[in-house]
Amino acid sequence: MTESQTAVRPERRAELAVGLARVRARIADACAAAGRQRDEVTLVAVTKTYPAADVVALAGLGVSDVGENRDQEAAPKAEAVAAAGAAPRWHFIGQLQRNKARSVVRYADVVQSVDSVRLAAALDAAAGAVRDRPLDVLVQVSIDGDPARGGALPGAADPQRGLDPVAAAVAGADGLRLAGLMAVAPLGWEPDRAFARLAEVAAALRADHPDATVLSAGMSGDLESAIGYGATHVRVGSALLGMRPALR
């Protein structure tokens, strides 16, 4: 990417500032309604399909965390953002193929989508080879237990996809740090039902792994419910950045 591709247009910065103010107000209101402190919840700006210039602008507006879900887009974007002098904390939030692990661990500070023992092992090997500190990992949970979709399965005996084996694999890996859980409300579920179930799963995980306190849940349409049930991170794209450009 050239310098012009990371240059921030004043009118775009103004648009992002308005969106950011609205999202921050929603988070603050949700925290107040839940009896929580505002600083308990971190906004992760989901910048997939948006240009590196938007990430640079958001960093300038005080956004510290950004999320991406495709390595082929995220890797060059992270490089361009760094070259422009911004240093957000990068979260990889999409489904991750094991052969992309070595690339992702070079720029990601957090991988939120680990849902198998095999993927944990691949990330551990990659992190150990190229990083000087452990990679923070969230285990992605399948709230409805549907094995056809992404997410480790709570209570399942599956040695590869069961939540307990996956969490244990991450916790026992030298190159990884088990930070907590991530989930998406299943289609057809009311947010309160989904996040109440997730809160139960998170409490059970913390009983075995007390330091796994991060709970990434809630997006543009349901962040209030997620915060009400204990989310520490909310992943917001369209409500912050506007309508998403079409994937190419």
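1. Which residue with a positive phi follows H2? Gly35 does; its phi is near 70°. This is a predicted model, in which local features need pLDDT of at least 70, side-chain atom pairs count only at pLDDT 80 or more, and totals for chains, interfaces and linings use all residues. Residues are numbered from 1 along each chain as its sequence is written, and side-chain values use heavy atoms, with hydrogens and water left out.

2. Helix H2 itself. H2 covers residues 10-33, 24 residues in total. Helices (H or I, at least four residues) and strands (E, at least two) are DSSP runs, numbered from the N terminus. From first C-alpha to last, H2 reaches 35 Å. That is close to the 34 Å expected at 1.5 Å a residue, where the expected span is 1.5 Å times one less than the number of residues.

3. The buried side of H2. Which residues of H2 are buried? They are Arg12, Leu16, Gly19, Leu20, Val23, Ile27, Ala30 and Cys31. Buried means under 20% relative accessible area, exposed over 50%, and partly exposed in between (1.4 Å probe, protein chains only). An α-helix has 3.6 residues a turn, so residues three or four places apart point the same way.

4. H2 against H3. The axes of these helices are 10 Å apart, at an angle of about 60°. Axes are lines fitted to C-alpha atoms, for helices over the stretch in contact, and angles run from 0 to 180 degrees between N-to-C directions. H2 and H3 are therefore oblique to each other. Angles under 35 degrees count as roughly parallel, over 145 as roughly antiparallel, 65 to 115 as roughly perpendicular and the rest as oblique. The crossing is right-handed; that is, the near helix is turned clockwise from the far one by less than a right angle. H2 supplies Arg12, Arg13 and Leu16 to the contact, and H3 supplies Asp54, Ala57, Leu58 and Gly60. Contact means heavy atoms within 4.5 Å. By class there are three nonpolar, one polar and three charged residues. Here Ala, Val, Leu, Ile, Met, Phe, Trp, Tyr, Cys and Pro count as nonpolar, Asp, Glu, Lys and Arg as charged, and the others, Gly among them, as polar.

5. H3 against H4. H4 spans residues 71-83. The axes of H3 and H4 come within 9 Å and cross at roughly 50°. That makes H3 oblique to H4. This crossing, too, is right-handed. Ala52, Val55 and Val56 of H3 meet Lys77, Ala80 and Val81 of H4. The contact residues divide into five nonpolar, no polar and one charged.

6. Thr49. This residue sits in the loop between S1 and H3. Is Thr49 buried or exposed? Thr49 counts as buried, at 18% relative accessibility.

7. Ala84. The loop between H4 and strand S3 (89-92) holds Ala84. With a relative accessible area of 37%, Ala84 is partly exposed. Setting aside neighbours within four places in sequence, Ala84 is in contact with Thr6 and Val56. Ser103 is 19 residues from Ala84 in sequence and 20 Å away in space, C-alpha to C-alpha.

8. Val104. Helix H5 (residues 101-107) contains Val104. Its relative accessibility is 0%, so Val104 counts as buried. Not counting residues up to four places away in sequence, Val104 touches Asp71, Phe92, Leu96 and Val111. Val104 and His91 are 13 residues apart in sequence and 9.8 Å apart in space, C-alpha to C-alpha.

9. Gly145. Look for Gly145 in the loop between strand S5 (135-140) and helix H7 (163-171). Gly145 is partly exposed, at 35% relative accessible area. Gly145 and Val44 are 101 residues apart in sequence and 25 Å apart in space, C-alpha to C-alpha.
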